Amino acid sequence: MKKDINSNGYIFLYATVLVVIVAALLTAAALWLQPFQERNEKNEKRINILRAAGIPDVNKDNAAKLFEQHCTASFLLDKNGNAVEDGTLPLFVIDRRISVIPMKGNGLWGPISGYLAIDADSSTIMGANFDHKSETPGLGGEITTEKFQSQFSGKRIMENGRLVPIEVDAITGATKTSNGVKEMIDNTLEAYAPFFEKLKP
Amino acid sequence: MSNFKKLIIEPLRKTNPVTVLVLGICSCLAVTAQLKPALVMGASVTVVTALSNLIISLLRKGIPSRIRIIVQLVVVATLVILIDQFLKAFAYDVSKQLSVYVGLIITNCIIMGRLEAFALSHGPWESFLDGLGNGLGYSLILVIVAFFRELFGSGTLLGYQVFPQSFYEAGYQNNGLMILPPMALIIVGVIIWIQRTRNPEMQENNQK
């Protein structure tokens, strides 16, 4: 018996079967691979935190061990700068003196993120790193390079106990992304300001 | 053997998907500012064209022609998502490089073009080779374009400094235009020009 592969019945059947198979395949793959992916993302987060804090030679194999060694505390802050159970602002303490805070912002094409390490006196940036989802390689994508990230080390965020806006050397041809980075840092610091003001004597 | 050679080698030259069929130009603009993403993109498109050609060729007798484009799209999209998920789980660094391009791979016209033009009317093994060949042809052009754009736009190759610092001190400057998308088109145009000059039989008016 030869089927007519252009009859409506066959087309509906074909489409339905195809979609069900594909859906099952993708679901199975997602469920099976999820634990591996989560582990990678967690590891990536640790690498970024340690790198921002200036720990040398961090790679994906030793990140877990180094994080265990260096991260002395981590807690969640509420908007008044108090450590509470259900806070929304995470903070990681590295080697008892560096505070590392996560940042989220917008680049030109999509979200950008990063970590900012702040010294014990709460007024100087120790280091920063950035990541992006979809900035243009060679332009906005340059925010992930050492060259761009190193400019933040040593910048002051507090003058006389007050927050000062950060200055960013923009990347040529990537003004929007560079502005996005500046805005991200300023917004994040503003949110954490109560905590840093409290730390200051 | 000659068939094998023809399917793999021809797309690198006389039937190149970028310079002759002029497909896949949009991704050619997007990923060639540096060499590394161009290599990653070339490799992933090669894998996806080869595998999707193979799958569509295996299914070709059963696909109703009225919904064949949808079926092709579903197969390509599934394949790309699966590959991305696998990379995320087992090669996280590569997947981070690729994240921007996943969408570009799905919409790459070379993949759909080869499915329509070849896989629907040829056997699985031939289709697989054709996909491989076209993917390699595409990668070749990407790498050539990215080589010139990164070298003259940033003075680096694969991120390593090529021009010594003394060049810059003597007044040499990187060409900012190289980084911008139009330059990719100009370089592709120059490649097409060279290719046609060396192969006069490819010029349309000669065939009349």
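Reader: Why are helix 1 of chain A and helix 4 of chain B called roughly parallel to each other?
Author: Helix 1 (residues 8-52) of chain A packs against helix 4 (residues 68-90) of chain B at an angle of about 15°, and their axes are 8 Å apart. Axes are lines fitted to C-alpha atoms, for helices over the stretch in contact, and angles run from 0 to 180 degrees between N-to-C directions. An angle under 35 degrees counts as roughly parallel, over 145 as roughly antiparallel, 65 to 115 as roughly perpendicular, and the rest as oblique. Helix 1 of chain A and helix 4 of chain B are therefore roughly parallel. This is a predicted model: local features need pLDDT of at least 70 and side-chain atom pairs count only at pLDDT 80 or more, while totals for chains, interfaces and linings use all residues. Residues are numbered from 1 along each chain as its sequence is written, and chains are lettered from A and ligands numbered from 1 in the order in which they are written.

Reader: What is the hand of the crossing where helix 1 of chain A passes helix 4 of chain B?
Author: Helix 1 of chain A passes helix 4 of chain B in a left-handed crossing.

Reader: How many residues does the contact take from chain A and from chain B?
Author: Chain A gives 25 residues and chain B gives 26 residues. The side of chain A that touches chain B has 15 nonpolar, eight polar and two charged residues.

Reader: What makes helix 3 of chain B roughly parallel to helix 7 of chain B?
Author: The axes of helix 3 (residues 35-59) and helix 7 (residues 109-117) of chain B come within 10 Å and cross at roughly 25°. That angle makes helix 3 of chain B roughly parallel to helix 7 of chain B. Their crossing is right-handed. The residues in contact include Val45(B), Val48(B) and Ile56(B) of helix 3 of chain B, and Ile110(B), Arg114(B) and Leu115(B) of helix 7 of chain B. This contact divides into six nonpolar, three polar and one charged residues.

Reader: What makes strand 1 and strand 5 of chain A edge strands?
Author: The open sheet has five strands in the order 1-2-3-4-5 (chain A), with antiparallel pairing. Strand 1 (71-77) and strand 5 of chain A each pair on one side only. The twist from one strand to the next averages 20°. Strands, like helices, are DSSP runs numbered from the N terminus (E, at least two residues; helices are H or I, at least four). Helix 4 (residues 175-199) of chain A packs on the sheet, and its direction makes about 135° with that of strand 3 of chain A.

Reader: How many bridges join strand 4 of chain A to strand 5 of chain A?
Author: Seven bridges join strand 4 to strand 5 (residues 125-132) of chain A, and the strands run antiparallel. For two strands to pair, DSSP must find at least two bridges between them. Tyr115(A) stands opposite Asn129(A) in strand 5 of chain A. Strand 3 (residues 98-106) of chain A is joined to strand 4 of chain A by eight bridges, also antiparallel. There Gly105(A) stands opposite Ile112(A), and Ser99(A) has Ile118(A) as its bridge partner. A hairpin of four residues joins strand 3 to strand 4 of chain A.

Reader: Why is strand 4 of chain A called mostly covered?
Author: In strand 4 (residues 111-118) of chain A, six of the eight residues are buried. Buried means that 20 or more other C-beta atoms, placed from the backbone, lie within 10 Å of the residue's own; 12 or fewer is exposed, and in between is partly exposed.

Reader: Why does Arg96(A) count as exposed?
Author: Arg96(A) has 9 C-beta neighbours inside 10 Å, so it counts as exposed. Arg96(A) lies in the loop between strand 2 and strand 3 of chain A, with a positive phi near 65°.

Reader: How do you know that Phe75(A) is partly exposed?
Author: Phe75(A) has 14 C-beta neighbours inside 10 Å, and therefore counts as partly exposed. Phe75(A) lies in strand 1 of chain A. Leaving aside neighbours within four places in sequence, Phe75(A) is in contact with Ala83(A) and Leu91(A).

Note on methods
Two residues are in contact if their C-beta atoms, placed from the backbone, lie within 7 Å. Ala, Val, Leu, Ile, Met, Phe, Trp, Tyr, Cys and Pro count as nonpolar, Asp, Glu, Lys and Arg as charged, and the others, Gly among them, as polar. A crossing is left-handed if the near helix is turned anticlockwise from the far one by less than a right angle, and right-handed if clockwise.
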